[in-house]
Structure formats: C-alpha cells, structure tokens
Amino acid sequence: MTLDLTGTAKKYKKKIILKNVIKKKINSYKNSSLIFELAKRGDYKNLNYTPTFKASAIFYVEYNKNINSKISFLNYWKLKNKNNDIGLLYTIRDELGITIFRDHIQIIDFSYIFDLKKILTRLKIFNYKGTFEFEFFSTKDLKYSFPALQVFYETKNGYSSVHSNQRTFNNITDSLTNNSLNDLQTGFDIYYDKSHFSFLTFINGPLDLKKNKIEILIINNKGNKIKKSVTLNYLNKYQVIYLDIRKYISINFLLGKKGFCKVISPTKNVFNRIMVGTYSTDLKFSSVTHSYYDCSKTKDYLNYDLKNKKTYKCYLPFNIVKNTNLDLVFYPIYSKTKLSADLEITDNKTKKRKTIKNIFELKREEKTSKTININSYLKENERLNKSYCLNFKSINKKYPSRFTFGMNYRNNRLGSNISSSMLLNFEKNINKTTFWGPLIIGDGFESYIMLTHYNRQIDDNEKGNFNLKIYSNDKLLINKNFNSISPNSINLNINNLLKTHNSLIKQKNSEIIWYIIKVKNSNFICNHLHISKFGAVSADHSF
C-alpha cells in the first residue's frame, strides 16, 4: 500500500497520533510531570532531564485613559537560585504584531516594574492594545521555561492581576512537547449584564497564519449552550485577537449570572493558556485570569486505596480574609468522577475541629459550573482565627489527577478569579519550600499573604516555621521569622508589618513590592490578596 500524503489516510493517521499524544501527555502526570518537579536544576548528566537556558512570557496589554498595564517580577534567580547571570530582552508590539519598542538590560536589582504608560508616553502613543514580551537568558540552567512574572491591569478603582501564562516556544522539541493540549481552552467565568462584560485575548506565535478560525461554546448556569465560529482569513505573527463576548450572545443569555465557555484557539507556536477578563461597564473595575485545558474527555485518575483513613487524598486548605467573600467555582472540565466534600473548620489555637458533612457534591455529568459560597457556611465567630479545609471523598476512590477550579475572593463588587488546583496525595514528599509573589502598598491598598499549613496526615499537629522577606526594587524591607502548628491558616497584613516604613504605606501612589517565604520541611501553600480603597479585590496563587 502506498500512503497518500495528501489524503484521508494521512488525516486519519494524524488524528490517531494526536489522540495518543494527548492521552500520553495527560496520563503521564504522576510519572512524568511529577518527576520533572522533583528533578534538580542543572542536572546536566541526567539524560532524561532537559536543561533550559531561555525563559519567556508574552502578555496582552493595553493603555488608554481608563486602563494601564504593568508587569513586575522578583529577581528570584538571584534570591532563590543564587544565579546572578540573567539578561532580559523586552519587546513591545502593537495589535497587528509590529514591533514598536525593544530594549535589553542586565537583571541586578531585587525587583522590577515595567510601566506601559511611561514607555508609551515617551513614544507619544496614548491609545494602545498589543503585547509585551519578556525573554530571559542565562548561561545557567533556569529549569522552567515560564518565568515568574505578574501582569497588573490598573483601572481608576484598583488592580486586577494574573501570573505569566503565555509564551512562544523555544524550539521544535518544546513545541512538540507542549502543543498537543494547546487548542481547547476553558475553566474561567464570563459575564454579560448591565454592569459587566467579559473578553478573551489570543496572541499568535512567530509565524503568519492563513485561513483559521475561533470556535466558541458559551454555557449559561442552566446548561444552555451557544456555539459561535469566527473565521480569520489571515493572522500576523504576534498579532492580538481581542474577542468581546458582547458580540456573540444577547444580554439575556447568561440570565444575569455568570457562565463559562470553551474556546478553540486559532493561534500556533505559542503556549496558549489565554488571558481572559471582565470589566465593569464604566471600566473602573476589572478581573482577569488565565484559561486551562479541558480534561473532561480523558480518563486520568489517581486511584487511592490508602488504609489510613486519617490521610487526606484530595483536599483544599484555604483562608478567609476579613471583609471578603470566597467563592469556589468548579467547572466540568476534569476527568469524570463523583465527588463529595466535607468542610473542616479548625480553631487555630485549640486545634478543635468542626466538620460540616457533604456541603456539596460533584456529579459525573455536571453540565455547567458550580459555585460554592464558603462564607454562607460560616457563622460570624467562625470567620476569624480559624483554619479551613475541603476534604474530598470519592466512592470509587478515583480522583482526577488534574482537578482545577476557580478560587474567587470578592466583596460586593467584581473580584478575583484565581485558577487553582486541588492538593493530591502523591505519597511522595513534594512539599514546596519557597514561595514568592507581589504586594501592593500605598494609595489606600491593603495586601495580605495568605499562608496555610496543613499536614496531609489529618490529625498530625506538625510544627513548622518560616521566614518572610519583603523587598522593594533596591532594598530588603522586612526579615522576620514565624512559627506554626498544623492545621493553621495565617493572614499576614502587610501594612501592619510595614509600620516602620510608614511613608510607603501612606504614599499617594500605589507601588508593587515583593515577598519571598522560605519554609523548612513542612506542608504549606500560599496565595496573596490585595484590596483597594474602592473595594476592588485582586488575588492570585504564589509562585
């Protein structure tokens, strides 16, 4: 048989190969991704490990009279990895992908802020949509191709932010490894009502594309669906697509509530976890997050048969912050299984635990997202000085190995939409020992570091300690040690910690600074949250 390279046989074979690649990639989490996480940076003699000498991120950014964009990062290469050999090439392109500015610097300071407004004002550009790309180079192994950067979208009433989530591929191997799950994106909230509207952003890679299209499936809270298709005759390299959800559904379709959607991205040669966001109609408030790929058609599980019933299998410790609500949003994008969850509330001092059984269930065939308002389960005296944990249980002992959800802190206004993941017991010691992230100070902001200390052995009152350092761009502001006993939820109020730096707290303009936390052999996770004087809430998980 002679294979027709332009006909049906090729297409069929390609489809089978792609299906197998996707299955292999997803099912390899415990045996591949986990092994990579445990690998040591700079292990050049390990032929199963690929060192990385370039890390990059590309962001959708905009600047006009209502919105500005800032990108900031901590020099964790120096502070965490003892690597002083980092160079940065940064490039600004317009909406069509045309380069309008580029520069190179050596990374020396503790932290950096790149303010789009300041750069574009010098270029006499005042109404702009486009991209901001950061490429970091080193002669030492960086391990991760994604650098730890945070983008901030500044409106008149506050900030929204999300960490680096898109990048162009470094080489062919990088593309083949990461491209198989790159098209179908989902796992985020969308709005369209009198007060809010959502948008999606796509950034193309370094090659022009012809005849492509975007496929959109929009789902409301009743499970009703609308399918839309957007044809693109030509897409420039690095071009931005800004898709306003208001063009594709009526204002009545979402029934005045939030929905979610699945979208097939048209872009290529780029790691395309798209940035999605929501603005208030007056553009004074915003919320942004990144997408995640759809695992609902896969069968990728961790099968637990642990005899010790006092061991968490799938769990989520979290914090409650004063004057905020917490919504946990579960999208039907995980490998199908039936789960129930208990809510555990533990007094931080006495360690007495209260359990609310089966506060909700996730069915095998959920049609739409499901939101749980945690505050509604808490009495007034249970909202401070307590630790909280969702303990998931599965009848068939199957837990999705990629179990993502939205962790949304808010007040009565638009809030955060953190893309987060449940903790799974891999029966290996994979505890993170370093966390870092941004903080916003000045101009009436309150920032919190939300740290939870939970041992996966439920009744283990593990003792732990951690060190907190806070950096401005050129100096160390705070260096302080803390002790903890599991289970424990710790909210560190940054303004209280920075009382000796009162001029920073009271300044009229906001400023972005960074924290780094180091723990010793303990089970911690970390998030950060920022509240403006107007009530805008921004939050994300730490690096």
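Strand β3, which covers residues 87-94, pairs with β4 in the antiparallel sense, and seven bridges connect the two. Within this pairing, Y90 stands opposite D103 in β4. These details come from a predicted model rather than from an experiment. In general, the strands of a sheet pair through backbone hydrogen bonds, and the pairing may be parallel or antiparallel.

The two strands belong to an open sheet of four strands, whose order is β1-β6-β3-β4 and whose pairing is antiparallel. The edges of this sheet are formed by β1 (54-63) and β4 (99-106); each has a single partner strand, so one side of each is left without a neighbour in the sheet. From one strand to the next, the twist averages 15°.

A second open sheet of four strands has the order β26-β23-β29-β30, again with antiparallel pairing. Here the edge strands are β26 (370-373) and β30 (418-421), each of which pairs on one side only. The twist in this sheet averages 30° from one strand to the next. Inside the sheet, β23 (residues 325-330) and β29 (residues 404-410) run antiparallel and are joined by five bridges. A residue of β29, M407, has L328 standing opposite.

A pair of aromatic rings is described by the distance of the centres and the angle of the planes. The count of aromatic pairs in this model comes to 39. One of them is formed by Y44 and F53, which are stacked, with 6.4 Å from centre to centre and 5° between the planes. Y44 has a relative accessible area of 45% and is therefore partly exposed. F53, with a relative accessible area of 36%, is likewise partly exposed.

Another pair is formed by F199 and Y279: the ring centres lie 5.0 Å apart and the planes meet at 25°, so the pair is stacked. This pair links distant parts of the chain, since F199 lies in strand β12 (residues 196-203) and Y279 in strand β18 (residues 275-280), 80 residues apart. Are these two residues buried or exposed? F199 counts as buried because its relative accessibility is 1%, under the limit of 20%. Y279 has a relative accessible area of 3% and is therefore buried as well.

It remains to consider the confidence of the prediction. The chain averages a pLDDT of 89, and 90% of the residues score at least 70. Over residues 1-25, however, the pLDDT is below 50, and this stretch has 13 contacts in the model beyond near neighbours in sequence. Where pLDDT is low, the predicted coordinates should not be read in detail.

Notes
Residues numbered from 1 in each chain as written. Predicted model: local features only at pLDDT ≥ 70, side-chain atom pairs only at ≥ 80, totals over all residues. Heavy atoms only, no water. Pairing = 2+ DSSP bridges. Axes fitted to C-alpha atoms, helices over the stretch in contact; angles between N-to-C directions. pLDDT = per-residue confidence, 0-100. Contact = heavy atoms within 4.5 Å. Phe/Tyr/Trp six-rings, centres within 6.5 Å; stacked < 30°, edge-to-face > 60°. Buried < 20%, exposed > 50% of the residue type's maximum accessible area, 1.4 Å probe, protein only.
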